[in-house]
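The notes below follow what I looked up, in the order I got to it.

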Amino acid sequence: MTPLTLSAGKEFQPPVAERHLETEVTHCVGGVISPLLSNIALSVLDEHIAAAWPTFGKNNQARSYRRKKGLPTYKIVRYADDFVIMVSGTRAHAEALRAEAATVLETVGLRLSEEKTTVVHIDEGFVFLGFRIQRQRQQGSNKWYVYTWPSRKALSSAMAKIKTITRQGTNQPLAELLRQINAVLRGWTNYFRHGVSKATFQYLHQYTWERIIGWLRRKHRKTNWKQLRRRYLPRWWPTDGEMTLFDAGAVPITRYRYRGTAIPSPWTPATAKKIQMPTA
């Protein structure tokens, strides 16, 4: 069935019941079903990597002995269609694992993106799910740690959203502007608070403040700074009635938070005790 055409030249899709199922699945990328399909398809890679783990040994001593013999150990961390394979070994081991992962994915009709798939040392760092992950020397000491902080691209994306909101016009009240900005700041800082994000939050805090001040000056061109500050900046903080700017710099961060045992599981462990529910 050929798609109908509007006068403006845009395609008008017929009802779902009249469309071809293959077309619906092909164009699902970006939809709500896409992460689910990714998890189903890429489970073959999870199972392949997990199957190799028992061969590395039952404890750290066994795995250390394996590494001394020049053999690699590795694990996978995956979220939907984004994944990282962490290798304790040489670059040659990592390259071999990339080829092995590509072979496994070919069995389900998938292929690795050449542009997005890279092999890097942990000291060089990489970006995963918006976080920059890199090993660096701790300031003031000779100890090395793996740090995670918001990537430049993620910060630029948040700043672009703030800039777009503050450039949409001055006809609306300050309270409405703050409401839109607060939604962006709350969501962004809540996601990136599990990392070395304090300095980034402070930077975003200052940037947002300056953007709002510029917006207020454009809205009230004939109002001097003293009157503007008295009306909208109590304690130098943008406020309009009960609406106050969300302070991104005050968001507490939680680093290296292990939640493996706190995440609820739909499967009950075999050793779990049965709980007798009271009857009404």
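I started at Ala80, which lies in the loop between S3 and S4. Helices (H or I, at least four residues) and strands (E, at least two) are DSSP runs here, numbered from the N terminus. Ala80 isn't a glycine, yet its phi is positive, about 55 degrees. Is Ala80 buried or exposed? Ala80 counts as buried, at 15% relative accessibility. For that word I use under 20% relative accessible area, with exposed over 50% and partly exposed in between (1.4 Å probe, protein chains only).

Trp236 also has a positive phi without being a glycine, about 65 degrees. I found Trp236 in the loop between helix H9 (225-232) and strand S8 (239-240). At 44% relative accessibility, Trp236 is partly exposed.

**Ground rules.** This is a predicted model, where local features need pLDDT of at least 70 and side-chain atom pairs count only at pLDDT 80 or more, while totals for chains, interfaces and linings use all residues. Residues are numbered from 1 along each chain as its sequence is written, and side-chain values use heavy atoms, with hydrogens and water left out.

**The whole chain.** I noted nine helices and nine strands. Of the 280 residues in the chain, 28% are buried. I also looked at contacts (heavy atoms within 4.5 Å). Among those between residues at least 6 apart in sequence, 51% join residues at least 24 apart.

**Thr73.** Next I went to strand S3, where Thr73 sits. Thr73 is buried, with a relative accessible area of 6%. What does Thr73 touch, not counting residues up to four places away in sequence? I listed Phe56, Arg63, Arg66, Arg67, Met86, Val87 and Ser88. With Arg67 there is a side-chain to side-chain polar contact of 3.2 Å. A polar contact is a pair of N or O atoms within 3.5 Å; within protein, one must be able to donate a hydrogen and the other to accept it, and residues adjacent in sequence count only if both atoms are side-chain atoms.

**Aromatic pairs.** How many aromatic pairs does the structure hold? I have nine of them. Rings of Phe, Tyr and Trp (its six-membered ring) pair if their centres lie within 6.5 Å; planes under 30 degrees apart count as stacked, over 60 as edge-to-face and the rest as tilted.

Phe56 and Tyr74 make an edge-to-face pair, 5.0 Å centre to centre with 75 degrees between the planes. This pair links distant parts of the chain, 18 residues apart: Phe56 is in the loop between helix H3 (43-52) and helix H4 (60-68), and Tyr74 is in strand S3 (residues 73-79). Phe56 is buried at 3% relative accessible area, and Tyr74 is buried too, at 11%.

Phe131 and Tyr191 form a tilted pair, with 5.6 Å between centres and 35 degrees between planes. Here 60 residues separate the partners, with Phe131 in strand S6 (residues 131-137) and Tyr191 in helix H7 (residues 174-192). Phe131 counts as buried at 12%, whereas Tyr191 is partly exposed at 41%. Ring pairs also join Phe131, Trp188, Tyr191, Phe192 and Phe201 into a cluster.

**His205.** I placed His205 in helix H8 (residues 198-219). His205 counts as buried, at 17% relative accessibility. Leaving out residues up to four places away in sequence, His205 touches Trp237, Asp247, Ala248 and Gly249.

**The largest pocket.** On a 1 Å grid over the protein atoms alone, a pocket is an open set of points where a 1.4 Å probe fits, with protein on both sides within 12 Å along at least five of seven lines; lining residues have an atom within 4 Å of a point. Grid points are joined across faces, edges and corners, and a volume is the space filled by probe spheres set on the points. The largest pocket comes to about 1800 Å³. It has 47 lining residues, and the closest to its centre are Phe83, Val84, Lys116, Thr117 and Thr118. Which element gives the largest share of the lining? That is S4, with seven residues. Elements that each supply at least two lining residues include helix H1 (21-26), helix H2 (34-41) and helix H5 (91-106).
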